[in-house]
Amino acid sequence: MSRPKLAMIGAGAIGGTLAHLALLKRLGDVVLYDVVDGLPQGKALDLLESGPIEGFDAQVSGTTNLADIAGADVCIVTAGLPRRPGMSRDDLLSTNVKIMKGVAEGIKQHAPKAFVVVITNPLDAMVTVMKRITGFPKQRVVGQAGVLDSARYRTFVAMELGVSVQSVSAIVLGGHGDDMVPVRSLCHVGGVPVERLIKPDRLDQIESRVRNAGGEIVNLLKTGSAFYSPASAAIRMAESYLFDKKEILPCAALLEGEYGVKGFYVGVPVQIGGGGVEKVIEVDLSPAERKALEGSVAHVRELVEASEKFVSGS
Ligand code: TXD
């Protein structure tokens, strides 16, 4: 019996945190890959040396050779540029499409059986490129955004009411842009609809903060974007896959008719288990929420179309 192998493609802020979390949670051996020589090797050595203190025995290595991800069971992709203040996620498109293409070709070649979680922005376009280039089944290519966006919604509702975040359930649907859709009608606090506990105008403000939460952190950090919470979110998805937990998590999944969408990656609740994305869950939405979702999907469509020229280019 061997340990699962997790490959972190990109060893920057999120990649390093992913590796740390995977080791602390005993998910398996970790390979950190990056194009900047020294960065993945340095982080891997540092993590390895925390093993005796944390009590993990897993192997950790850092590399600039993509072939070293060979046989990975899970690949989590953060390779690419992050946002700087004043930039939208979409501003990253041309550079990150090229990076994603190269990475996807490498994953296809070296880790053909992997479950692939894409994190790089603009997320909806990047996960589409990954699916297209690898040709993996849709069950094995998924994007991380909804777990994080929903966690942000839960955080702000819990802060507002002074209750445990564990008592708040919420989902955010749609693309990972500023038009994402926090679903008010499905947000509950201890089973009670949030609309009974917080006034509509205050909920408007909270949901607006959710939509802009990534930018809020970019503006504070100035030199990068959120990394702890995106890493936690992707690790939760990897755990559900590796342990066949069948958790229902909001993720960017390829829709083929669900929610009236065909052929696009959109954030929706899915079941993740040993089979990867095993099921798309369709939830009831209010007319306003459905309309907002349509708007968000329209933006995803534009973004994917804009990325086409970079995918077919060099
Ligand atoms: O929820 C979400 N989906 C996100 C996404 C939340 C926050 C940030 N999100 C995006 O993740 C962000 O906009 C970026 O596109 C990615 C990665 O963010 P991170 O904060 O980790 O960026 P870093 O620290 O700049 O790390 C990116 C690394 C860096 O070390 C580069 O050298 C490397 O990517 N890089 C590559 N690695 C491998 N292969 C190639 N080709 C490559 N090019 C750059």
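These legends walk through a few close-up views of a predicted model and its ligand. Residue numbers run from 1 along each chain as its sequence is written, and in this predicted model local features need pLDDT of at least 70, side-chain atom pairs count only at pLDDT 80 or more, and totals for chains, interfaces and linings use all residues. Side-chain values use heavy atoms, with hydrogens and water left out.

**View 1. Who sits around the ligand.** The ligand has 27 residues around it, and Ala13, Ile14, Asp34, Leu81 and Gln144 come nearest (a residue is near if one of its heavy atoms lies within 4 Å). By type, this shell splits into 16 nonpolar, ten polar and one charged (here Ala, Val, Leu, Ile, Met, Phe, Trp, Tyr, Cys and Pro are nonpolar, Asp, Glu, Lys and Arg are charged, and the others, Gly among them, are polar).

View 2. Look for polar contacts, meaning pairs of N or O atoms within 3.5 Å. A polar backbone atom of Ala13 is 2.8 Å from a ligand oxygen, and one of Gly80 is 3.3 Å from a ligand oxygen. On its own the ligand exposes 860 Å², and the protein buries 87% of that (areas by the Shrake-Rupley method with a 1.4 Å probe).

View 3. Helix 1 (13–24) and helix 3 (93–110) are the elements giving two or more residues to the shell around the ligand (helices are DSSP runs of H or I, at least four residues; strands are E, at least two). Helix 3 gives the most, with three residues. Domain 1 (5–143) and domain 2 (146–309) each supply at least three shell residues, with bounds from an automatic or database domain assignment.

View 4. Most residues other than glycine have a negative phi, and most peptide bonds are trans. Asn121 and Pro122 are joined by a cis peptide bond, with omega about -10°; Pro122 lies in the loop between strand 5 (115–118) and helix 4 (123–134). Arg26, not a glycine, has a positive phi of about 55°, and its place is the loop between helix 1 and strand 2 (29–33).

How values were computed. Polar contact = N/O pair within 3.5 Å; in protein donor to acceptor, adjacent residues only side chain to side chain.
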